[in-house]
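User: I would like to learn how to read packing features from a set of coordinates. Please take me through some examples.

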Amino acid sequence: MLARNWRWGTSLVFHLFTARAFQPSSSIMAHRHIPAFFRASKIFPSALTTAMPVSTTSTTDGVSTISTNSENPLLKSWSDQPFNLPPFKSIEPSHFQPALDAAMEAHLTDLEAIASSSSNDFDSILGAYDRAGSLYSKVGSVYGNYISSLNTPDMQAVQTKMAPILSRHRSKCYNIPGLFEKIEQMHDVKDDMLEKGEWNAEQARLAERVYIGFVRMGANLDEEKKKEYADIQAELATLQTNFMQNVLKDEESWEMVITSEDMEGCPNDLVSSARQAAIDRNHDGPDDHVITLGRSLVEPFLTYSSRRDLRKKAFDAWTSRGELSEERDNLSIATKILRLRKRQANLMNKLTFAEYQTEVFFLDECMNKSTSLAIFEDTMAGSPENVMKLLTDVWARAKDAADREREMLEAFLTKKGETLDGGFQPWDWRYYAEQVRQASYNFDESELKPYLSLNAVTNAVFDVSNKLYGLKYVKRDDVEAYHPDVNVYEVRRNKADADEDELVALFLHDNYARPHKSSGAWMSEYRSQKKNLAQGADDIEAIPIVSNNNNFAKGSGSTLLSFDDGVTLFHEMGHGHHGMLSDATFRTLASTSVLRDFVELPSQLMEHWLSEPVVLKEHAKHYQTGEPVPDDLLQRLKAAQLFNEGFATVEYTACALFDMAVHSLSEYDDDFDISKFEKEYLEEQGMPQGIVMRHRPAHFAHLFASSGYAAGYYVYQWAQVLDNDVYAAFEETGDVFDPETAERCRRLIYASGNTAPPQELFKSFRGRDPDISFLLKNRGLV
């Protein structure tokens with residue numbers, strides 16, 4: 001395996017709205033696997049303040065119908081659209097609030113019908129619950145995607161207005177009189193029904209997961225505490241939205257305008273991208289170039305620019321996102337969020353939020369009863385202690401490696417006779433690491449980029465997808481998406497025991513950075529795979545619509561990717577596979593709706609194939625000449641594969657340690673200072689000189705833009721243990737495309753969703769529990 005530049009926590013899987021979004025935040029569905037850094041709110045348009053007239057009627061299968069005289073495209077039938085895709089060209093921001101208001105009412109009608117039903121069989125309760133909220137899922141999925149990918153000022157205003165309203169709706173869904181009692185009845189009989197053969201394993205799993213969702217959302221609390229819990233959730237929704245919008249505003253407003261002379265040392269493609277950024281931002285100087293805080297511009301600039309003063313300026317701004325303006329004080333917002341989460345945990349009889357997020361729950365803790373009735377797990381880790389055991393093991397090894405790397409960099413400076421004013425600083429590390437890599441391994445990544453055009457890497461990931469899982473991508477230029485840069489594909493797969501193929505998914509590929517789009521990379525869905533369709537529903541509704549979002553700097557000609565960018569594209573396709581290959585009956589259990597420390601396994605596993613020589617030799621071709629990448633360049637890439645790995649691991653692991661530490665506090669005093677805590681904690685942990693956390697508190701969106709990754713950022717490293725072990729199974733066959741291994745991987749890792757506990761799925765695939773040795777070996781930490 002060749003070099004892998006690890007994408008610690010830059011990717012987020014995003015499913016903000018589906019009916020599954022009313023599961024607790026422990027589910028990946030509830031926390032939008034996002035890097036959605038949304039903007040400051042504007043004056044809310046008066047047209048959005050009044051909901052449209054709507055009436056709903058519940059059907060016998062638990063899905064309400066809606067009648068309205070509105071011409072709102074979000075509420076009309078989409079059957080006239082290709083594949084029932086959203087009517088993108090007709091949608092305006094003003095459509096969302098009235099559509100969401102109508103959808104929320106319809107969703108509550110669905111749930112109330114279940115609660116009041118005289119039938120107590122599986123389909124009348126759990127089957128109907130899984131189908132409930134179909135309109136809300138439909139409207140909300142478009143809304144959730146727009147506030148990430150097309151978050152214009154008008155959309156930001158809608159988002160700011162709707163955040164607490166949607167949170168209140170979610171709380172209502174768990175507190176409908178009589179509904180929890182129905183769910184509890186199903187949970188209480190699941191083992192007996194499974195043993196009798198009247199339910200299958202997936203039905204029993206649904207009963208368990210839905211019940212856990214209700215318990216974690218406070219369904220067992222008394223009425224006073226339920227109200228407080230709902231109040232906390234609504235306030236968190238507002239604060240988290242403000243946090244996201246503040247980061248996005250900083251990212252969009254800050255820029256460093258320079259000239260071509262100021263870009264000394266930078267490769268031509270970076271100079272071209274900076275020039276394009278200047279044009280996009282309306283700088284009309286003939287030699288204007290712009291460095292923004294988008295990772296695809298600022299990180300290469302820190303790597304190649306010989307101007308130390310400009311590197312410092314860019315680095316300081318990049319690491320201070322969320323606190324660049326006194327008007328956008330994300331540090332105080334983060335502190336308020338921490339206090340609210342602590343109270344949330346206390347309501348569930350947990351001392352800290354870290355315990356609430358990771359520990360095994362005894363049901364008496366949630367029910368205020370004196371006798372334990374049962375336990376349930378909502379993570380693979382099971383406790384903060386198990387998380388810390390993994391993190392501290394890796395941390396000690398990574399620190400040693402990073403210290404050795406810094407010594408190499410300092411020795412390089414001494415050999416060149418250079419001295420740095422103030423000593424070696426964080427804005428120096430990437431630059432001198434690149435210099436040492438070129439000197440020690442004769443490897444310059446700018447040499448590789450011409451062979452990694454966006455087209456070439458996209459073709460590579462499609463080909464790997466086909467060879468492993470039989471997926472074929474048919475581009476549909478005739479189908480419009482929400483932006484001209486977005487490509488739409490039919491995803492097809494051969495039928496079993498047949499010569500013809502069938503449609504298995506729709507795929508939207510949104511690769512370029514642009515204004516009003518969140519930074520980072522993420523996967524989302526407009527529609528999730530399912531078989532439990534409402535009576536009379538179009539069969540196309542069972543077919544998922546999956547979206548991958550990246551933020552590559554668009555070139556003036558061909559867009560050239562770094563190897564790291566290529567890994568990101570492969571990573572997101574791994575999440576995409578999780579949605580496209582899903583084969584669950586119930587959408588509650590489908591796709592990426594898995595335990596949060598399993599969700600990164602499918603994505604990180606996919607990264608490995610880009611490093612394979614057989615893939616690079618076939619697809620890495622020069623964007624101008626078409627010549628394949630030279631063998632000696634691949635050999636140099638392989639030789640440099642573990643260089644600077646200590647730095648990358650420390651950058652990430654420091655974030656994960658900080659996350660667990662700050663959420664493990666049992667009190668946040670009035671004078672609590674999160675920046676001071678960050679500084680003192682990292683000093684205690686022996687943070688190597690010259691490195692800072694990859695995500696500092698004021699822009700740590702995984703922690704403070706939602707609750708899903710709070711006390712859960714460790715999941716990337718947890719999944720690294722799993723993905724390195726799973727990939728070793730392919731390597732052990734001698735063929736990384738081994739059909740039998742790929743089929744087991746498809747069935748157990750990608751298709752199963754949450755239909756079975758992840759520990760069981762992994763063990764079924766590997767025949768044993770995970771082994772950390774593969775991770776340590778591949779990262780050079782042994």
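This is a predicted model: local features need pLDDT of at least 70, side-chain atom pairs count only at pLDDT 80 or more; totals for chains, interfaces and linings use all residues.

User: How many helices and strands does the protein have?

Analyst: There are 28 helices and twelve strands. The chain has 782 residues, and 64% of them count as buried.

User: What share of the contacts between residues at least 6 apart in sequence join residues at least 24 apart?

Analyst: The share is 76%.

User: Which residues of helix 21 are buried, and where do they lie around the axis?

Analyst: Begin with the geometry of a helix. An α-helix has 3.6 residues a turn, so residues three or four places apart point the same way. In helix 21 (residues 631-639), the buried residues are Leu633, Leu634, Arg636 and Leu637. Because they cover an arc of only 160 degrees around the axis, they are on the same side of helix 21. Their cover includes helix 15 (426-441), helix 16 (445-448), helix 18 (563-580) and helix 20 (613-619).

User: How should I read aromatic pairs, and how many does the structure hold?

Analyst: Two values matter, the distance between ring centres and the angle between planes; planes under 30 degrees apart count as stacked. The structure holds 40 aromatic pairs. In one of them, Phe677 and Tyr681 have ring centres 5.8 Å apart and planes at 5 degrees, so this pair is stacked. Both residues belong to helix 23 (residues 674-684), where they are four residues apart, about one turn of the helix. Phe677 and Tyr681 are both buried. Ring pairs can also join into a cluster, as they do for Phe88, Phe96, Tyr143, Tyr146, Tyr482 and Tyr526.

User: Is Arg311 buried or exposed, and what does its side chain reach?

Analyst: Burial is read from relative accessibility, with under 20% counting as buried. Arg311 has a value of 1%, so Arg311 counts as buried. This residue is part of helix 10 (residues 308-318). Its side chain reaches the backbone oxygen of Ser305 at 2.9 Å. Leaving aside residues up to four places away in sequence, Arg311 touches several others, among them Phe301, Leu302, Trp427 and Asp428.

User: Which rings have a charged end sitting over them?

Analyst: Tyr431 is one of them: the charged end of Arg311 sits over its ring, 4.3 Å from the centre. Another case is Phe737, where the charged end of Lys467 sits over the ring at 5.5 Å from its centre.

Definitions and conventions:
Residues are numbered from 1 along each chain as its sequence is written. Side-chain values use heavy atoms; hydrogens and water are left out. Helices (H or I, at least four residues) and strands (E, at least two) are DSSP runs, numbered from the N terminus. Buried means under 20% relative accessible area, exposed over 50%, partly exposed in between (1.4 Å probe, protein chains only). A polar contact is a pair of N or O atoms within 3.5 Å; within protein, one must be able to donate a hydrogen and the other to accept it, and residues adjacent in sequence count only if both atoms are side-chain atoms. Contact means heavy atoms within 4.5 Å. Rings of Phe, Tyr and Trp (its six-membered ring) pair if their centres lie within 6.5 Å; planes under 30 degrees apart count as stacked, over 60 as edge-to-face and the rest as tilted. A charge sits over a ring if NZ of Lys or CZ of Arg is within 6 Å of the ring centre and within 35 degrees of the ring normal. The arc is that of the directions from the helix axis to the C-beta atoms.
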